[in-house]
Amino acid sequence: MDIGIDKDVCIGAGQCALTAPDVFTQDDDGYSTLQAGREDGGGSPLVREAARACPVGAITVSERVG
Ligand code: SF4
């Protein structure tokens, strides 16, 4: 899957890192970023939960085609 984080929208609430800590973390400025090696979500079902948990809808998840 493809995971997008709109850092212009992210407010650094940290809900994504709390919900799916295997995939999301926070950078030095507190904004969401993906864990190294988990750019594809690692098959975690929590990725969609994290996208839903984000209060500002900064996370987009789409299935990779092909
Ligand atoms: S939950 Fe949303 S606003 Fe909060 S750190 Fe994650 S992407 Fe940013």
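Biologist: What percentage of the 66 residues of the protein chain count as buried?

Modeller: This is a predicted model: local features need pLDDT of at least 70, side-chain atom pairs count only at pLDDT 80 or more, and totals for chains, interfaces and linings use all residues. Residues are numbered from 1 along each chain as its sequence is written. A residue is buried if 20 or more other C-beta atoms, placed from the backbone, lie within 10 Å of its own, exposed if 12 or fewer, and partly exposed in between. Among the 66 residues of the protein chain, the buried share is 24%.

Biologist: What pattern does the protein chain follow along the sequence?

Modeller: Helices (H or I, at least four residues) and strands (E, at least two) are DSSP runs, numbered from the N terminus. The chain has two helices and four strands. Read along the sequence, the pattern is β-α-β-β-α-β.

Biologist: Which residues are closest to the ligand?

Modeller: A residue counts as near if its C-beta atom, placed from the backbone, lies within 6 Å of the molecule. There are 13 residues around the ligand, and the closest are Cys 10, Ala 13, Cys 16, Ser 32 and Cys 54.
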